[in-house]
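The sequence and coordinates follow.

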Amino acid sequence: MRRADHPARRVRDVVDSPGWCGLTGKYTRDNVGDAKPGRGERVTAYLNDRTFSIIDELVRIAADSETTPAAIALAWVQGKSGVDSTIIGARTMEQLEANLVGLDVTLTEAEVAALDAVSSPTLSFPMPFLE
């Protein structure tokens with residue numbers, strides 16, 4: 001399997017350090033232009049329409065499941081083939097406890113399919129010709 005095709009790579013854009021901050025609600029489509037994160041442009045570079053589409057889906061599923069978007073994202077990562085472990089980058093005990101809830105979340109096939117659909121990577125040449 002090519003690295004770009006790896007299922008776990010899809011979620012990297014959202015749950016990797018810069019993109020993950022969108023799950024807190026701190027950055028939204030409405031305030032992204034005014035956002036001044038303490039960690040600089042590295043954070044806001046990931047806050048684009050694609051990222052917000054993924055976050056919107058995580059928020060929708062979280063609301064239906066009565067849990068947090070971060071817990072849904074962690075459950076999604078954990079359910080991917082090829083993912084042996086998940087690194088949780090919590091900076092506080094509150095964040096750690098909230099994220100650990102994701103270990104108890106089970107996503108339906110429809111929820112996984114919805115998240116996979118909005119996070120599907122755009123593959124470079126020649127992949128579009130091979131599909």
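Of the 131 residues of the protein chain, 34% count as buried, where buried means under 20% relative accessible area, exposed over 50% and partly exposed in between, with a 1.4 Å probe and protein chains only. The model is predicted, so local features need pLDDT of at least 70 and side-chain atom pairs count only at pLDDT 80 or more, while totals for chains, interfaces and linings use all residues. Residues are numbered from 1 along each chain as its sequence is written, and side-chain values use heavy atoms, with hydrogens and water left out.

The protein chain exposes about 8200 Å², and carbon and sulfur atoms supply 53% of that area; accessible areas come from the Shrake-Rupley method with a 1.4 Å probe, and for residues only the protein chains shown count as cover. The chain has eight helices and zero strands, in the order α-α-α-α-α-α-α-α along the sequence. Helices (H or I, at least four residues) and strands (E, at least two) are DSSP runs, numbered from the N terminus. Among contacts with a separation of 6 or more, 65% are between residues 24 or more positions apart, contact meaning heavy atoms within 4.5 Å.

Axes are lines fitted to C-alpha atoms, for helices over the stretch in contact, and angles run from 0 to 180 degrees between N-to-C directions.

| Helix pair | Axes come within | Crossing angle |
|---|---|---|
| α4 (residues 49–65) and α7 (residues 109–119) | 9 Å | roughly 165° |
| α4 and α5 | 8 Å | roughly 105° |

Angles under 35 degrees count as roughly parallel, over 145 as roughly antiparallel, 65 to 115 as roughly perpendicular and the rest as oblique. Helices α4 and α7 are therefore roughly antiparallel to each other. On the α4 side, their contact is made by Arg-50, Ser-53, Ile-54, Glu-57, Leu-58, Arg-60, Ile-61 and Ser-65, and on the α7 side by Glu-111, Ala-114, Leu-115, Val-118 and Ser-119. By class, the contact of α4 with α7 has six nonpolar, three polar and four charged residues. Here Ala, Val, Leu, Ile, Met, Phe, Trp, Tyr, Cys and Pro count as nonpolar, Asp, Glu, Lys and Arg as charged, and the others, Gly among them, as polar.

Helices α4 and α5 are roughly perpendicular to each other. Ile-54, Leu-58, Val-59, Ile-61, Ala-62 and Ser-65 of α4 meet Pro-69, Ile-72, Ala-73 and Trp-76 of α5 in this contact. The residues of the contact of α4 with α5 divide into nine nonpolar, one polar and no charged.

Helix α5 (residues 69–78) is mostly covered, with nine of its ten residues buried. The buried residues of α5 include Pro-69, Ile-72, Leu-74, Trp-76 and Val-77. Ala-75 is found in α5 and is buried, with a relative accessible area of 10%. Leaving aside neighbours within four places in sequence, Ala-75 is in contact with Gly-102, Val-105 and Leu-107.

Val-112 lies in helix α7 and counts as partly exposed at 26% relative accessibility. Val-112 and Gly-79 are 33 residues apart in sequence and 8.8 Å apart in space, C-alpha to C-alpha.

Two backbone features fall in loops. Glu-66 is in the loop between α4 and α5 and has a positive phi of about 55° although it is not a glycine. At 77% relative accessibility, Glu-66 counts as exposed. A cis peptide bond with omega of about 5° joins Phe-125 and Pro-126. Pro-126 is placed in the loop between α7 and α8 (127–130).
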